[in-house]
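Here is a short tour of a protein model, written for someone who likes to know the cut-offs. Have a look at the sequence and the fold before reading on.

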Amino acid sequence: MGLRRALGQPVRYAALVAGALPALAFPAANLEILGWIGLVPGLALMRAAPSRREAAVRGWWFGAGYLLANMYWLAPNLGPGLLLLAIVLGFLWTAVGVAVWAFTRPPVSARRAAAALVVVPSSWLVTEWVRSWQGLGGPWAVLGASQWQHPAILALAALGGVWLVTFALVAANTGVLLAITARSVPARSVGVAGILVAVLAGPVAFALTAPPPISRHITVALVQPGIEPTAAARLAQDERLTASVAGRADLIVWGESSVGYDLGDHLALLASVERDSRSAGAAIVVSQDAENRAGAHFKQALIVTGTGTGGSYTKTRLVPFGEYIPFRSVLGWLSKISKAAAQNVAAGTGAHVLRANIPRSRPLTFGVLICFESAFPDMSRVDTDHGAQVIFYQTSDSTFQSSWAPAQHAALGALRAAETGRPVAQAALTGDSVAFDDRGRLLASAGTGYRGVLLVRLALPASSARTLYDRLGDYVPWTATAIAGLAALFGLVRIRRNQSRPADRVLAHASARTGLAGSRNAGGGPGPAAAD
């Protein structure tokens, strides 16, 4: 009966739909303005809830809608697991619902409005930070990533990571809600002020932050062969495209899974790629997607030169359900009804830099990460801290060619570039291949319909250059967690205090009646008569 009542409330379905609206701010729709105002309908439903409990439930439905809309393309891989994932992780938004209800429901004073502009964005940010843990799926569809096309806004990422961009967006949405719904002029004025601060913060930071000096330039070739029927055909296409840019690139990067063999066990294939490197006059960063002699499946970036192999990096952050099934002993059945991973891929030990010789220049120190790892800010920051001058991503989004996933994936490079102050280039097996400069500005791109090589010239900052986010790390989500925690503690104290007041009034009333009765008995009758 309770479940039927819960599912029968239209306003909760409205919250589910409202949660889906911000998905249009991300690629491929790219209606970025919805990042600034698209949360307002959902926040308004939470504000209008008749109780704290109902506000939390509406926040839950909103969160489920947000995740379903942003990750719909995972349905072929997860099947019903996608709905389960949205329901479980959507629960995190109950904190947002409670925060909105507590600080924006009437009456709203200027003081409460100011608190809402801090507490509501902090509560939202905590949900994003918690679900960014790999075990909970990773930080896909972080709201700040919706602004990938606006370097002036991404200046906030250089200061506090994508988290600070998210904070500004949610603060703006909260300000709009206050400006529309608050009854007092001071509270509405605070909302308008919050909007202005959130919108102008990025452009001001962009104007006041000078880019680091450039130490040198390199030309990189990003090879995008497209979908091929077999591993052998894919490798052959990579080799043909590499030959087409001989002598024109300082470094050549192939996409994820470009080599479907363990080159250590296929020496003839390794010798062929070495010849490709010699002919091209540049090192090649290939991507092995194969099983080793022990039968373990691995994904590894490997430098191949004209004289052999160089450094390598093994993928560390694996795609949940796509490359491994969490708690396989319990959830392994998903692989029988969906495209979830039949075998867990072996994970690497963490991000680290590689080095390659560059023609007519000194060796290049760079970071290379694989596919899903572009969603994690901490990994590119580790590479930068270890001296990387550029970050490369190798990916293969072939499973999701007709969806918004490739465009969403490519957009993450802009965030990572702005955060680290390093140019970022992504070589995608089937698209989208992209390159961004050190402030997140798009330099070149090739969509899923492109087959060929994307040549891009990158300006490299000194390896010692650091953004504020490089130096301080995740101080923004830590601060947001502290703010949300203090707000929750304050709210609990108020609830306890309000619960105790009725009991105090009952006790006081009872004491007064007892005292009155005692005075009557002492006087031998009613008070006025005794006075006579």
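On the surface, V192, L196, V199, L200, V204 and L208 make up a nonpolar patch whose accessible area totals about 550 Å². Patch members have over 30% relative accessible area and no salt bridge, with nonpolar side chains joined within 5 Å; a salt bridge is a Lys or Arg side-chain nitrogen within 4 Å of an Asp or Glu carboxyl oxygen. Areas are Shrake-Rupley values with a 1.4 Å probe. L208 belongs to helix α11 (residues 185-208) and is exposed at 72% relative accessible area (exposed means over 50%, buried under 20%).

This is a predicted model, in which local features need pLDDT of at least 70 and side-chain atom pairs pLDDT 80 or more, while totals for chains, interfaces and linings use all residues. Numbering starts from 1 along each chain, and side-chain values use heavy atoms, without hydrogens and water.

Next comes an open, mixed sheet of six strands, ordered β6-β7-β8-β9-β10-β11. Strands are DSSP E runs of at least two residues, helices H or I runs of at least four, and pairing takes at least two bridges.

| Edge strand | Residues |
|---|---|
| β6 | 353-356 |
| β11 | 442-446 |

β6 pairs with β7 (residues 364-370) in the antiparallel sense over four bridges, and A356 has L364 of β7 as its bridge partner. Helix α16 (residues 377-385) packs on the sheet and touches β6, β7 and β8, contact being heavy atoms within 4.5 Å. Among the buried residues of α16 are M379, R381 and D383.

Definitions and conventions. Axes are lines fitted to C-alpha atoms, for helices over the stretch in contact, and angles run from 0 to 180 degrees between N-to-C directions. Patches are made of residues with over 30% relative accessible area and no salt bridge: like charges are joined within 9 Å, nonpolar side chains (Val, Leu, Ile, Met, Phe, Trp, Tyr) within 5 Å. Buried means under 20% relative accessible area, exposed over 50%, partly exposed in between (1.4 Å probe, protein chains only).
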